[in-house]
Amino acid sequence: MEIESSVPLMVNPACPCDGNDLLLLCALMGRAIIRVGCCDSCGYVGYIDKPTREWFDMFYRSVWDKADTKTAKEKPYVRGLHEAAVEDIVNCYKIAKNARILEMGSGYGNTLYHLKQLGYTDLAGVEPSSHRVESAKRGSTIPTIRAPFEEAPLDAPYDLIYSFHVLEHVYDPAVVVKKCAALQPEGGYLVFVVPHKESVMTTLLFLPHLHRYTEYALSGLLTHAGYRVRKCVISDQEITIIAQKHKTEKVFYQFGLFKETLDYFRNRLGVGTHWYHPRLLWWYRTIGYDEGGQLPFLFPSLLWRWMWHFHHKAPLQAAVVEDAPHKTTAPLEIQFSGNIQMLIK
Ligand SMILES: [Zn+2]
């Protein structure tokens with residue numbers, strides 16, 4: 001998806017998890033400029049220049065959900081990884097069968113249905129996508145509100161609120177967590193599962209994922225909203241954080257994570273590995289990996305493109321610029337020949 005210069009951008013100078021300044025990590029340079037920042041305290045990475053909330057609402061309604069409808073199949077209920085995870089959580093924390101439970105971004109309703117099978121009686125979902133809600137309602141009687149969580153009229157209090165792969169999509173996670181806190185009594189459980197260690201190109205260019213979290217970022221986010229972190233489980237694919245609403249003092253994290261994050265990004269992008277001088281690095285993306293290569297700076301760009309296509313059988317995605325002149329002061333710069341091209345699938 002092309003980010004034309006008419007897309008309205010808003011400046012977000014602060015980390016949504018702890019309010020500290022975002023330091024400039026990377027600049028996406030096309031007809032528009034999008035700066036990507038990193039929080040030195042918690043390692044959070046997100047856009048400093050971000051399309052407005054209204055623009056994203058339009059994007060989700062018209063592009064994202066439509067794109068999904070084409071491939072969405074109404075599969076019969078299966079006990080997948082998320083159903084197993086939610087079962088582990090309710091067992092581990094001894095959540096009572098009559099507890100009030102809300103899933104944020106309940107999708108096709110699978111995990112709620114699983115809880116119902118386990119004997120839970122007071123379940124509800126909130127989900128912005130109409131066709132997912134309709135599909136969930138055909139399969140079960142669990143009440144589901146069709147609205148974004150931030151705007152949904154919800155019947156508080158909830159003893160457990162959980163979500164799988166939602167928090168990286170929301171516009172402002174601090175607003176979401178604050179609303180959770182308003183909906184929960186003291187001792188209520190809040191559980192988020194988000195992606196972990198996505199490819200660097202996914203972090204920078206996959207438009208629907210607005211936030212890259214670390215365990216420190218999630219801890220900061222929850223602590224600032226009045227939760228105490230009970231457990232944080234980290235795998236190569238996901239971070240699961242389980243917190244409990246608790247009157248507690250705010251904790252500020254000071255980890256010096258900017259340099260570590262920049263080194264990680266440079267390493268994954270191959271910056272600093274000199275094969276040619278001067279040069280550009282060209283990239284394309286395959287799911288889950290940072291795929292790339294390097295071509296000399298000496299040839300005209302059409303010839304690069306042809307050579308790349310010939311060797312790699314994939315279209316060029318972007319150029320990570322190292323030795324060629326930078327247009328910004330960002331330590332990493334990705335240049336596009338026209339509009340910035342974000343990935344949406
Ligand atoms: Zn932070």
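Let's start with an open sheet of seven strands, which runs in the order E9-E8-E7-E10-E11-E14-E13 with mixed pairing. Strands here are DSSP runs of E with at least two residues, helices are DSSP runs of H or I with at least four, and both are numbered from the N terminus. Two strands pair if DSSP finds at least two bridges between them. This is a predicted model, where local features need pLDDT of at least 70, side-chain atom pairs count only at pLDDT 80 or more, and totals for chains, interfaces and linings use all residues. Residues are numbered from 1 along each chain as its sequence is written.

- The edges are strand E9 (144-146) and strand E13 (227-234), each of which pairs on one side only.
- On average, neighbouring strands of this sheet are turned by 15° against each other, direction ignored. Angles come from axes, which are lines fitted to C-alpha atoms (for helices, over the stretch in contact), and they run from 0 to 180 degrees between N-to-C directions.
- Strands E10 (residues 160-164) and E11 (residues 189-195) run parallel and are joined by five bridges.
- Look for Ser 163 and you'll find Phe 192 of E11 standing opposite.
- Helix H4 (residues 130-139) lies across strand E8 (122-127) and E9, and H4 runs at about 160° to E9.

**The whole protein**

- In total there are nine helices and 19 strands.
- Of the 345 residues in the protein, 38% are buried. A residue is buried if 20 or more other C-beta atoms lie within 10 Å of its own, exposed if 12 or fewer do, and partly exposed in between, with C-beta atoms placed from the backbone.
- Take the contacts with a separation of 6 or more: residues 24 or more positions apart account for 66% of them. Two residues are in contact if their C-beta atoms, placed from the backbone, lie within 7 Å.

**Strand E4 and its partners**

- Strand E4 (residues 33-39) has six of its seven residues buried, so it is largely enclosed by the rest of the structure.
- Seven bridges join E4 to strand E3 (residues 22-29), and the two run antiparallel.
- Cys 26 has Val 36 in E4 as its bridge partner.
- Three residues make the hairpin link from E3 to E4.
- Strand E5 (residues 45-47) also runs antiparallel to E4, with three bridges between them.
- Here Cys 38 has Val 45 in E5 as its bridge partner.
- The hairpin of E4 and E5 has five residues between the strands, and Gly 43 in the turn has a positive phi of about 80°.

**The nonpolar core**

- The largest nonpolar core has 73 residues, and Val 36, Ala 217 and Leu 222 have the most contacts inside it. Such a core is a set of buried Ala, Val, Leu, Ile, Met, Phe, Trp, Tyr and Cys residues joined through C-beta atoms within 7 Å.
- Apart from neighbours within four places in sequence, Ala 217 is in contact with Cys 17, Cys 39, Cys 42, Gly 43 and Tyr 44.

- The twelve residues of helix H2 (residues 81-92) should span 16 Å at 1.5 Å a residue, and the end C-alpha atoms are 16 Å apart, which agrees. The expected span is 1.5 Å times one less than the number of residues.
- Glu 83, Val 86 and Val 90 are buried in H2.
- Down the axis of H2, the buried residues fall within an arc of 65°, so they line one face of the helix. That arc is taken from the directions from the helix axis to the C-beta atoms.
- These buried residues pack against H3 and E10, while Leu 81, Ala 84, Asp 88, Asn 91 and Cys 92 are exposed on the other side of H2.
- Asn 110 sits in helix H3 (residues 110-117) and counts as buried because it has 23 C-beta neighbours inside 10 Å.
- Asn 110 and Gly 139 are 29 residues apart along the chain, and their C-alpha atoms are separated by 9.3 Å.

**Backbone details to spot**

- A cis peptide bond, with omega about 0°, joins Ala 156 and Pro 157, and Pro 157 lies in the loop between E9 and E10.
- His 165, in the loop between E10 and helix H5 (173-183), has a positive phi near 55°.
- Since His 165 has 15 C-beta neighbours inside 10 Å, this residue counts as partly exposed.
- Lys 197 is in the loop between E11 and helix H6 (200-205), with a positive phi near 50°.
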